[in-house]
Amino acid sequence: RESKQYRPRDWQRNQGLLKGRFSVWITEHCNHSQRSTAAAPSVLYSLSTQMSEAENLVKMAAAEGAEAVVEAMEAHRGSAAVQEFACRELANIASSDESEVEVAETGGIEAIVAAMKAHEGSAVVQEHACAALAIVADSEEGVNIMRIYLARGIEAVVAAMRAHPGSAAVQEHACSALGHIVVDDTCHRKAESAGAIEAVVAAMNAQRPSWRR
């Protein structure tokens with residue numbers, strides 16, 4: 001559907017290829033990562049390495065599907081990089097109509113919201129988490145919207161907007177998420193009580209060109 005912004009990935013062809021190896025690979029990979037980080041002579045090099053390893057870890061998980069991505073998120077809650085790439089992959093998976101429900105049923109929505117709460121100060125995590133929620137919410141007959149509501153996803157999106165008023169990307173994807181989630185009276189009331197209206201107006205004012213202020 002045109003409203004979806006992430007390109008669907010051809011992950012389904014690879015499902016099951018790595019089954020039984022993923023947990024072992026994570027353990028070995030993390031042990032190697034700790035040794036490599038300790039030996040790295042440069043902080044920048046270390047950071048780059050960790051980002052690359054986080055991306056590879058999540059891509060390995062995505063080959064098995066949404067459930068494996070969620071497992072990676074739960075196993076590495078403290079890693080902003082893992083959460084960022086995982087939110088991207090869940091958005092990619094959910095871009096396929098048949099997979100939106102899968103993402104929700106495997107705990108993807110709760111994992112995304114948990115990532116937002118754990119890494120409130122990370123603009124990139126908030127950006128990709130909001131984008132993922134927007135796509136997951138855009139399901140047939142809105143079946144995933146109540147899951148987002150119950151997971152306190154609306155509050156998490158508004159919190160992201162407040163935490164990153166200067167980030168156009170966060171504000172854009174947060175507004176998109178609210179637009180896809182807040183579609184009935186129940187969600188309207190929740191959004192209003194969470195301060196969504198004020199957050200959206202603040203985003204409009206903050207991103208307006210200076211000559212128009």
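Which residues in helix 9 meet which residues in helix 10? From helix 9, they are Ile154, Val157, Ala160 and Met161. From helix 10, they are Val170, Gln171, Ala174, Cys175, Ala177, Leu178 and Ile181. Contact here means heavy atoms within 4.5 Å. By class, this contact has 10 nonpolar, 1 polar and no charged residues. (Ala, Val, Leu, Ile, Met, Phe, Trp, Tyr, Cys and Pro count as nonpolar, Asp, Glu, Lys and Arg as charged, the others, Gly among them, as polar.)

Some ground rules. This is a predicted model, where local features need pLDDT of at least 70, side-chain atom pairs need 80 or more, and totals for chains, interfaces and linings use all residues. Numbering starts from 1 along each chain as its sequence is written, and side-chain values use heavy atoms, without hydrogens and water.

Now the geometry. Helix 9 spans residues 153–163 and helix 10 spans residues 168–181. Their axes come within 9 Å and cross at roughly 155 degrees. That makes the two helices roughly antiparallel (over 145 degrees). The crossing is left-handed.

Second pair. Helix 4 contributes Ala80, Gln83, Glu84, Cys87, Arg88, Ala91 and Ala94. Helix 7 brings Val124, Val125, His128, Ala129, Ala132, Ile135 and Val136. By class, that contact has 10 nonpolar, 2 polar and 2 charged residues.

Key:
Axes are lines fitted to C-alpha atoms, for helices over the stretch in contact, and angles run from 0 to 180 degrees between N-to-C directions. Helices (H or I, at least four residues) and strands (E, at least two) are DSSP runs, numbered from the N terminus. Angles under 35 degrees count as roughly parallel, over 145 as roughly antiparallel, 65 to 115 as roughly perpendicular and the rest as oblique. A crossing is left-handed if the near helix is turned anticlockwise from the far one by less than a right angle, and right-handed if clockwise.
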